[in-house]
Amino acid sequence: MTAILAIHAHPDDIETLAAGTLALLADKGHAITIVTVTAGDCGSSEYDPAETGAIRKGEAAAAAAMIGARYGCVGLGDLAVFNDDASRRRVTETVRWAAPELVITSAPADYHPDHEATSQLVRDACFAASAPNYRTGPSPVLAAIPHLYFMDPIGGRDREGRRVAPDFAVDIGPWTQIKRAMLAAHESQTSWLLKQHGIDDPLASMLALSRRRGRDFGVDHAEGFRQYRHEPYPRSPLLQDLLGAALLHPEPMKT
């Protein structure tokens, strides 16, 4: 059994980008922890930040429970995620608490500032988590830096609209319905996404994204990932090895 941490900025980000893969891994018996850096407390025009955050954390916990995962929240503010020392220590403590061998986080370039800052914080926290003199809290120091992977950015594109090519993808065909159910748990976001993003059907939008990535790899639905292999992070293909027959190797990207 491998301990896996999936950590992104807001409730519903992981469900949109990686829930199919996490469902597959959970079904194989791996231990999944899902964490959001914020409670998504700005994601409402109906409730105040405290109420919004409480609702959204409840939705995230319900979604995680569908695959037997535990859920946690770092507790930084929505639209207030920055790569500073205090935030890095809180994220490092969360990584130590989860004690993962493998971490999956947000893309370094994405449309939302919290997504990009989360990617940097998690990258640096994976490094810091095994440094005994970097004091954070009660959780024990990790024995080693965990393997680190980035999810696709939203829409598979960076801030300038350029397509981001994954190192590999995961065939999530058998897991599409559980991915859909996990995202559907985030009921509070339906009206917010329509107001803020002009998305009138979040489930259809998510499925369209997975179909688009699937077309790049010759399957119906897929999720893309990149591995961070810079020194001294692990370079062995841990996630790829865990995926078995669901691992998809890249084809030339379509324009």
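Trainee: Why is D13 called buried?
Mentor: First, a caution: this is a predicted model. D13 has 6% relative accessibility. Buried means under 20%. The value is under the cut-off, so D13 counts as buried.

Trainee: Where is D13, and which residues does D13 contact beyond its neighbours within four places in sequence?
Mentor: D13 is in helix α1. Setting those neighbours aside, D13 is in contact with H8 and H115.

Trainee: What makes the link between the side chains of D13 and H8 a polar contact?
Mentor: The distance is 3.3 Å. The cut-off for such a pair of N or O atoms is within 3.5 Å. The D13 and H8 side chains therefore qualify.

Trainee: How far is the C-alpha atom of D13 from that of P108?
Mentor: They are separated by 14 Å. Along the chain, D13 and P108 are 95 residues apart.

Trainee: How do you know whether H10 is buried or exposed?
Mentor: Relative accessibility again. H10 has 6%. With buried set at under 20%, H10 is buried. H10 sits in the loop between β1 and α1. Leaving aside neighbours within four places in sequence, H10 contacts T36, T38, G40, R56, D78, H112, D114 and H115.

Trainee: D12 is in that loop between β1 (3-8) and α1 (13-17) too. Why is D12 called buried?
Mentor: D12 has 10% relative accessibility. That is under 20%, so D12 counts as buried.

Trainee: What makes the bond from E231 to P232 cis?
Mentor: Its omega is near 0 degrees. Most peptide bonds are trans. P232 is placed in the loop between β7 and α9 (238-243).

Trainee: Now the sheet. What is its strand order?
Mentor: The order is β3-β2-β1-β4-β5-β7-β6-β8. The sheet is open, has eight strands and shows mixed pairing.

Trainee: What makes β3 and β8 (247-248) edge strands?
Mentor: Each pairs on one side only.

Trainee: How do you know that β5 (residues 147-151) pairs with β7?
Mentor: Four bridges join β5 to β7. Pairing needs at least two, so the strands pair. They run antiparallel. M151 stands opposite F225 in β7.

Trainee: Which other pairing does β7 make, and in what sense?
Mentor: β7 pairs with β6 (residues 168-171) over four bridges, in the antiparallel sense. F168 stands opposite F225.

Trainee: Where does the parallel sense come in?
Mentor: Strand β4 (residues 102-105) and β5 pair that way, over four bridges. The partner of T105 in β5 is F150.

Trainee: What makes β7 (residues 222-228) mostly covered?
Mentor: Six of its seven residues are buried.

Trainee: How do α4 and α5 (residues 113-128) meet?
Mentor: Their axes come within 8 Å and cross at roughly 60 degrees. The crossing is right-handed. From α4, the contact uses S87, R88, V91, T92, V95 and R96. From α5, it uses L121, V122, D124, A125 and A128. By class, there are six nonpolar, two polar and three charged residues.

Trainee: Last one. Why is D216 called buried?
Mentor: D216 has a relative accessible area of 2%. The cut-off is under 20%, so D216 is buried. D216 belongs to helix α8 (residues 202-217).

Trainee: What joins the side chains of D216 and R213?
Mentor: A polar contact of 2.8 Å.

Methods:
Residues numbered from 1 in each chain as written. Predicted model: local features only at pLDDT ≥ 70, side-chain atom pairs only at ≥ 80, totals over all residues. Heavy atoms only, no water. Buried < 20%, exposed > 50% of the residue type's maximum accessible area, 1.4 Å probe, protein only. Polar contact = N/O pair within 3.5 Å; in protein donor to acceptor, adjacent residues only side chain to side chain. Axes fitted to C-alpha atoms, helices over the stretch in contact; angles between N-to-C directions. Left-handed = near helix turned anticlockwise from the far one by under 90°. Contact = heavy atoms within 4.5 Å. Nonpolar A, V, L, I, M, F, W, Y, C, P; charged D, E, K, R; others polar.
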